[in-house]
Amino acid sequence: MAATASSRQAWRQLMGNTSRGPASNILRQQQQQYRSAFCRQISSTTRASSRRTVSQPPSFALRQQPLAQRSYSSGSQGKNTPPKGSNNQVKFWPFLIVIALGSGGYMLLINRQTKMPPTTSNTTTDGRSTPAFSPADVTVLFVLGGPGAGKGTQCARLVRDYHFTHLSAGDLLRAEQDRPGSQYGQLIRDCIKNGDIVPMEVTVALLENAMRDAIQASGGRNGKFLIDGFPRKMDQALKFEEVVCPAKLVLFYDCPEAEMERRLLERGKTSGRADDNAESIRKRFRTFVETSMPVVDHYEKENRVVKVNATDTPDGVYADTQARLRKVLGDKF
């Protein structure tokens, strides 16, 4: 601003001298130069002032604006509570309805259970399960051996000579899979084809029903049963003895795999069974060794195994079977 004042003073002096001095031309030139310099200085001063004005923050404008209130502010009281009618208020009546419905359903269930008659179970007073048949009335022989060991052939001769009832677990399962409307049909088909073991609940139920039908058909309560191809696992053996009847002994036909495979392939030419093929036979061998042999070992520790060499001819195997059973069960067994 001081430079501006001095420029104005110089301008006034120049204007005054111009009208009185003889060297008017020179003075006019100097006057023009001072005028241009004065205009440039004024222009630069104005631009600098404008830049300072723009760069300064609008502090005054900010001070004039009131602070915005929060959405939950009540104004005069300043509490952080939602206004009346706000949708953010917690509603408790749905919880009350749910609790009431749950309590009502529970009471209905309790009332229904109290009106139901008590269920009966085949258990003793100390809570233990009792078998469906007594070993004093029913004699059960488990007949085990690898696939193709000749169990069916020997069972047929024992039935002929000693009036046993022969129950083949495999035959019962195959009959069940073909029975119209059976809910286990497809499951049994898949297990037999793949060489797997059918769930024990299915097999045990089929065996119990077959034993009951045979006893009723004979008109008495006594029976002698050869259960062929069962149990194939230890849990099946324990379940059967718990639910149906304890076994008297295990009749085990021991035969090498090579001989059993030869017999099964020969039988498959006429049997029409889906599992009489090389792949299924080998799967059945592995299953027998892994799952059924532990059953034989278990009963052998309890001295309830009669082992017969099954590599001989059918007549020779049967003679050996008779001799070994007489030693355990007596001459007429």
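View 1. At 22% relative accessibility, Gly229 counts as partly exposed, a class lying between buried, under 20% relative accessible area, and exposed, over 50% (1.4 Å probe, protein chains only). The model is predicted, so local features need pLDDT of at least 70 and side-chain atom pairs count only at pLDDT 80 or more, whereas totals for chains, interfaces and linings use all residues. Residues are numbered from 1 along each chain as its sequence is written, and side-chain values use heavy atoms, with hydrogens and water left out. Gly229 lies in the loop between strand S3 (223–228) and helix H9 (234–243), where helices (H or I, at least four residues) and strands (E, at least two) are DSSP runs numbered from the N terminus. Leaving aside neighbours within four places in sequence, Gly229 is in contact (heavy atoms within 4.5 Å) with Val143, Leu144, Lys151 and Ala169. Phe230 belongs to the loop between S3 and H9 as well but counts as buried, at 1% relative accessibility; among the residues that Phe230 touches, not counting those up to four places away in sequence, are Phe142, Thr203, Leu207 and Phe240.

**View 2. The largest pocket and its lining.** The largest pocket has a volume of about 940 Å³, and of the 44 residues that line it, Pro147, Gly148, Lys151, Arg273 and Arg284 lie nearest its centre. A pocket here is an open set of points on a 1 Å grid over the protein atoms alone where a 1.4 Å probe fits, with protein on both sides within 12 Å along at least five of seven lines, and lining residues have an atom within 4 Å of a point. Helix H6 gives the largest share of the lining, five residues.

View 3. Arg284, placed in helix H11, is buried, with a relative accessible area of 12%. Beyond residues up to four places away in sequence, Arg284 touches Pro147, Gly195, Leu264, Arg267, Arg273, Asp275 and Asp276. An unreviewed UniProt entry lists residues for "binding site", including Arg174, Pro231, Arg273 and Arg284, and of the listed residues the pocket lining includes, among others, Arg174, Gly229, Phe230, Arg273 and Arg284.

**View 4. The buried side of H7.** The buried residues of H7 are Gly185, Ile188, Cys191 and Ile192. They cover an arc of only 135 degrees around the axis, which puts them on the same side of H7, the arc being that of the directions from the helix axis to the C-beta atoms. What covers these buried residues includes H6 and helix H8 (200–218).

Methods: Points joined across faces, edges and corners; volume = space filled by probe spheres on them. UniProt positions renumbered as here; feature names shortened; annotations may be inferred.
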